Amino acid sequence: MPDIQADGLPGVYLEVTAPANEPLKKDSLNKSDLTLLHYDEGARSLTNQETATVYATASAIGKLRTKVTQFETEDTPDREKDGQIIPGRPKNADLIQSIATLTEAGLRALWRSPDDKFPQTQTATNWELWLDREAADAFVLGAQAYDVAIGEEQLEFPEDIVVIAHGTRDALANAIRHLRGVKAMAAPTITADFFAGGDVIEQAQWVDELRNRTTYPAHADPGYVTLLDTGVSRAHPLVQPALEVADRHAANPAWGLEDIRGHGTHMAGLALLGDLTSCLHQTNPVTVSNRLESVKLKPDTGENPHHLFGAVTRGGVNTVEQTHPRRRTFTMPITTGADTPHDGAPTSWSSEIDQLASGASGNRDLKRLMLISAGNTDNFSFGAGQYLDRCDHEDNEIQSPAQAWNAVAVGAFTEKTVLPDNEAATALAPFGDLSPSSRTASWTSYWPLKPDVVLEGGNWASSAFPPPMRHGYLSLLSTHHNYPVRSLTFTYDTSAATALAAKGITELWSDYPDLWPETIRGLYVSSARWTPQMRSHLPVAHNKGNYAPLFQRYGYGVPNLKRARRSASNALTLIVEDTITPYGLSDDGKRGVDNEMKLFTLPWPVEELRRLGNTDVTLRVTLSSFIEPNPSEAARGSRYRYASHNLRFKLNRADEAAPHFMARISKLAAQPAGPASNESDGWDYGSDRRDVGSLHIDQLTCRASDLARRNLIAVHPVNGWWKTKSLLNGDPPSVRFALIVEIDAEHIEAELHAEVQSAIAASVATQTVIAL
């Protein structure tokens, strides 16, 4: 047996070949810690040899060596048959004699597409990976360390998870060798163009097949995606089960309810099923848990007068809320360029969005979860230069009302880079980078970070002659508004990304229906991370200031629903929903002052953190509240006069006891803009990125033993327009906030979990109210 080593590896991929014209004992290659991944009977090969690809654990390698040694040195016992003694044979003869060669397998041994589809160069490209279900999560998490990016989309089959990986041959080979779980590889071939390119009958057949394996289970309290768009057509069989007749509305009753323009129905398909390319590419059952409401916010022809956008939006919200009290994710993939440039400052429309989200506007006094697209670029403005330079240009800034503080602004990135082999063009954006259609925040850190997150929005095809153009291969697939004339349609841009975000955030809220909108927003946005391609724009030796372009393009990155759900349910994440009365009157009643601070003692796994000593762990903190806006002209130049209140969080230092911590924060809170961040505390993003808007996220990585001593977190106010004497003469207003604190310890999480559970069982996080 060749000297195949699995030292330090979870296992080894083996390529096994039988002697010519002899069978391979493949059943023996699928037991004793051996997993048969692929078998080829060899009928078409020139040598007529059967081959197999096998995954062998380190234990299996040892067992194989033992079997070879036994074959060489030991015989089975003699046996008697029909009165005759039959001599024993070498042990394991059937298996060993059926093997002509046994070598460590390369990538080609896992390849399932035609040979000519195998990448021939070391250029980074896309690979379709079939993963073992039990090992899939670990592979996805670990691949980044080997310079392999894994796409967000996944296909699920009974025994496999299929993902798209992006990397070079060497990088992928290295990842596969060190991370178990890959069962097969193929060339990614199915795109939106494959399905949308069919004729009327073919498209209808695809839709019928998908509808037959899709269920829309009844729920007592389902989550609703409320689309503020061009209306939604109910005729489509994938939309109709989720959209009741009574759940279609129009901001103006004279407009009618049908979707004449088509945009709303395209968004409806994405909000229910996501990119239909993935759904149609699999055969397993699909469950749709979201429900739809439609509010036509745009007339069938022409446009609303610009100054009426805020009023029309409020009218649409009031109209739909006259029906049932529901958990609604208000989703508005509509923006305007008429206010550009606004440089992040509030406009009448964005201010009305902030009022609606905070409950200060609308017929019903309640907080609202609102999503808005970032707005799209004009491809005809792109030349031959670097496309990111054009996206980052100041006249390409995010459109109003996406700069609203309380709304989740959604931009677009892309993982769609595959074009036909005979195509003369290339994909403009690299895998995992900004979609060319996505606008960015050109303003400084003075106003909120926008967009909050980015999701798939498609790519453009670039040829030798500008401008770049949309392409079916680089688009998403959704429901057509003119069914049955057409069943499927291409869709793209930040509108599509916003519909995908609505799907994910509504599903998250349905899992945890008792959480506040402020909390769901915090969980969802905090789950986002930058892709390796996004992070590649950081200098090797980067500082806090180098993060600015990443925030302005991608916000906090690509949200991960699994991570958000894990954060909502895991004992290593503390979620606090509380209220604070930020301001009160001075003792002499002549001026407004900061009123109180909330201090939380966290149920840290102290003993386990101390045991881990110098092991690095990451702490991520999110603070989310909804402000009430004051968009007066004087307030437009000051975040402290626009927002009703501004909250901040602070964590104690490793050597700082509670009395000293409270004294320090109380003293700093007295400063006009609140306490500045002490950057020596190790926060990744720092105050310039964190202390803006109404959603604050930051993280720090430190030694576990230091984190064990950092178990106090304070939430305190800084200036806001509520801090005025006239307002405080009555009952001082209070505000809700959500505080989310997560320890990310990855492979050591299980050890931390038990101690946190015990601490939580004994006592939840201790809260102290401190007068300022």
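Modeller: Strand 9 (residues 160–167) has seven of its eight residues buried, so it is largely enclosed by the rest of the structure. Buried here means under 20% relative accessible area, against over 50% for exposed and partly exposed in between, with a 1.4 Å probe and protein chains only. The model is predicted, so local features need pLDDT of at least 70 and side-chain atom pairs count only at pLDDT 80 or more, while totals for chains, interfaces and linings use all residues. Residues are numbered from 1 along each chain as its sequence is written, and side-chain values use heavy atoms, with hydrogens and water left out. Strands (E, at least two residues) and helices (H or I, at least four) are DSSP runs numbered from the N terminus.

Strand 9 is antiparallel to strand 7 (residues 125–132), to which eight bridges join it; in this pairing W127 lies opposite A165. Two strands count as paired if DSSP finds at least two bridges between them. Strand 8 (residues 149–156) also pairs with strand 9 in the antiparallel sense, over five bridges, and Q154 faces V163 there. The link from strand 8 to strand 9 is a hairpin of three residues.

Strand 29 (residues 596–601) can be read in the same terms: five of its six residues are buried, so it too is largely enclosed by the rest of the structure. Strand 33 (residues 712–718) runs antiparallel to strand 29 and is joined to it by four bridges, with I713 as the bridge partner of F600.

Another sheet is open and has three strands in the order 19-22-23, with antiparallel pairing. Strand 19 (426–427) and strand 23 (469–470) are its edges; each has a single partner strand, so one side of each is left without a neighbour in the sheet. Two bridges hold the antiparallel pairing of strand 19 with strand 22 (residues 460–462), where T426 is opposite S462.

Turning to the cores, the largest nonpolar core has 77 residues, and L273, L276 and L292 have the most contacts inside it. Helix 12 (residues 493–511) contributes the most to this core, with nine residues. Such a core is a set of buried Ala, Val, Leu, Ile, Met, Phe, Trp, Tyr and Cys residues joined through side-chain atoms within 4.5 Å. Contact means heavy atoms within 4.5 Å. A second, separate core of 32 residues includes A250, F309, I398 and A643.

T531 sits in the loop between helix 13 (517–526) and helix 14 (532–535). Its relative accessibility is 12%, so T531 counts as buried. With neighbours within four places in sequence set aside, T531 is in contact with F413, G432 and V558.
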